[in-house]
Number of protein chains: 2
Amino acid sequence: MSKKGLLLVISGPSGVGKGTVCGEYLKLHPECSLSVSATTRSPREGEVDGVNYHFLTQEDFKERIAQDGFLEHAIFCENYYGTPKDAVMKMLDEGKDVILEIEVQGALQVRSHYPEGVFIFVLPPSMEELENRLRGRGTETEEVIAKRLDRAKAEFKFIEKYNYVLTNDTVENAVERLGAIVNAEKCLLSRNYSYVKDEFIK
Amino acid sequence: MSKKGLLLVISGPSGVGKGTVCGEYLKLHPECSLSVSATTRSPREGEVDGVNYHFLTQEDFKERIAQDGFLEHAIFCENYYGTPKDAVMKMLDEGKDVILEIEVQGALQVRSHYPEGVFIFVLPPSMEELENRLRGRGTETEEVIAKRLDRAKAEFKFIEKYNYVLTNDTVENAVERLGAIVNAEKCLLSRNYSYVKDEFIK
C-alpha cells in the first residue's frame, strides 16, 4: 500500500482547541510529527533551535524564499515565519505523517504547493460554544473576545478550501475522528493506484 | 453534522473474504444494515422473504424496473436480481448506513444512480494470497480456481471506479479500516456543507 506519509494541514479558529487535539493525537501516534516552523524573530527564553522553531537570519530567510524553500510563509510584526519545504518533504518521503497547524492564509499557500495534503478545519460544536470557550479562559477582555469571534467568522469563509471538518465536541472524539481521517486517506485509491496497478492490473 | 446515512458499496473478487469483513463489521455496528436484494428465483429451504431476499414475481420485478425502482439489477440463470431503491433510500434518510455487497457491474450501475455512495474494493494482500485462499477452501477443482482467478483479474480492471481499496490482510484490520472510512466520510466537508453554512457562515 501507500508508503508516503500524509501532510495533515489543520486550521480552525482561536479557542476551538486545535492545539490540544493535535497534541493528544501526536501523543497517541508517535509515527506522526509536528512540522517545525522557521522564523526570523529572536528565540525567547527556553526556546530551542530546531525544536520550537528553526531560527534564521532575515538574509537566510529571504534567500530560502527566493529558492522556493517554503510551503508557506508570512510576516507578522516585522518577523518572517514559514514552513520549510525540505524538512516536511523528507518526513513524508520517509513515510511519516506530518501535522501542520496553521491559519487559513498559510493553508491556502500550502495547498497551492502541495494539493495532495489533507486539509482539515476544526469546528466548535456551535458558535455559542466557541464564544463560551473564548470567554471561559477568563483572561480576555470583551473587546478581545469580540475581535476573535469576528476573526473566526472571517476564517469560516475559507472552509470550502478544506477537505474535512472536524468537530471538537470532546478532545477524545476529535482525536478519534482525526485518526479515522488518516486511516481512510491511506485507503484512497488515488493514493494507492500505482501499487494496485503493479500488483493487480498487469 | 451530516444526518444522512452512507451507502457503502463493497466489491472484491471471490475468495477475498468481503462477506466475512462485512459480517464482522455489521456485528460491531448495529447502526449499519445490509441491503436485502430482490429476486425472481424461488425461495430455497429456510430462506425468509424480506430477510434473505425480497421474493418477487417476474411481472412485479419488470414493473419495478420500468418505474426505475432498482439501484441496479441483472439477470443470472434466467432469474432477475436487484437492489430495491426505496428500501435503501429510506434507511439512508433515517440516518442508517447501508452495506451493499455487490459485483463490479452492479456497483457501476449503483454509481450512476447514486454517485454519493462510498465505493470500496476489497483487495487481497497479493495475487498469490488470493490464489492460496481460493485453494485453501479445498473444495474446488483447479479449473474452477483458474476461472475465479481470471474473473478476479477482469474485476481488478474496474478498480478505478472505486474510491477506496481495502486490503483484507486480517479481518480485524479490514473491519477497522472500514470503520475509519465510514467515520472519515462523515467528516467530509462535501457531506456537511449545508450544516456548516447554516451554523457558521451566515
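Author: Contact means heavy atoms within 4.5 Å. This is a predicted model: local features need pLDDT of at least 70 and side-chain atom pairs count only at pLDDT 80 or more, whereas totals for chains, interfaces and linings use all residues. Residues are numbered from 1 along each chain as its sequence is written, chains are lettered from A and ligands numbered from 1 in the order in which they are written, and side-chain values use heavy atoms, with hydrogens and water left out.

Take A:Ser35. It sits in the loop between β2 (32–34) and β3 (38–39) of chain A. Strands here are DSSP runs of E, at least two residues long, numbered from the N terminus; helices are runs of H or I of at least four. With a relative accessible area of 11%, A:Ser35 is buried. Buried means under 20% relative accessible area, exposed over 50%, and partly exposed in between (1.4 Å probe, protein chains only). Setting aside neighbours within four places in sequence, A:Ser35 is in contact with A:Thr83, A:Val88, A:Val98, A:Ile99 and A:Leu100.

Follow A:Leu100 next. It lies in β7(A), opposite A:Val9. Strand β1 (residues 7–11) joins β7 (residues 97–101) of chain A through 4 bridges, and the two run parallel. Strands pair if DSSP finds at least two bridges between them. Strand β1 also runs parallel to β8 (residues 118–123) of chain A, again with 4 bridges. There, A:Leu8 faces A:Val118.

Strand β1 of chain A is mostly covered: 5 of its 5 residues are buried. A:Leu7, A:Val9 and A:Ser11 point one way, and A:Leu8 and A:Ile10 the other.

A:Leu7 deserves a stop. Beyond four places in sequence, it touches, among others, A:Leu71, A:Val88, A:Val98, A:Leu100 and A:Val118. A:Leu7 and B:Leu7 have the most contacts inside the largest nonpolar core, which has 107 residues. Such a core is a set of buried Ala, Val, Leu, Ile, Met, Phe, Trp, Tyr and Cys residues joined through side-chain atoms within 4.5 Å. In soluble globular proteins, nonpolar side chains tend to be buried together.

Now an exposed loop. A:Cys77 is between β5 (70–76) and β6 (79–84) of chain A. At 75% relative accessibility, it counts as exposed. Its phi is near 50°, a positive value in a residue other than glycine. Most residues other than glycine have a negative phi.

Last, the two chains. A rotation of 180° with 0.0 Å of shift along its axis superposes chain A on chain B, at RMSD 0.0 Å. The copies are therefore related as by a two-fold rotation axis. In chain A, the C-alpha nearest that axis belongs to A:Ala180, 2.1 Å away. Copies are superposed by least squares on C-alpha atoms of residues with pLDDT of at least 70 in both.

At the interface, 31 residues of chain A are in contact with 31 residues of chain B. The chains bury about 2,700 Å² between them, 71% of it on carbon and sulfur atoms. On the chain A side, A:Cys187, A:Leu189 and A:Phe200 lose the most area, together 24% of what that side buries. Buried area is the accessible area (1.4 Å probe) that two parts lose on being put together, summed over both. Of the interface residues of chain A, 100% are also interface residues in chain B, so the copies meet through the same surface. Salt bridges between the chains number 0. Each would need a side-chain nitrogen of Lys or Arg within 4 Å of a carboxyl oxygen of Asp or Glu.
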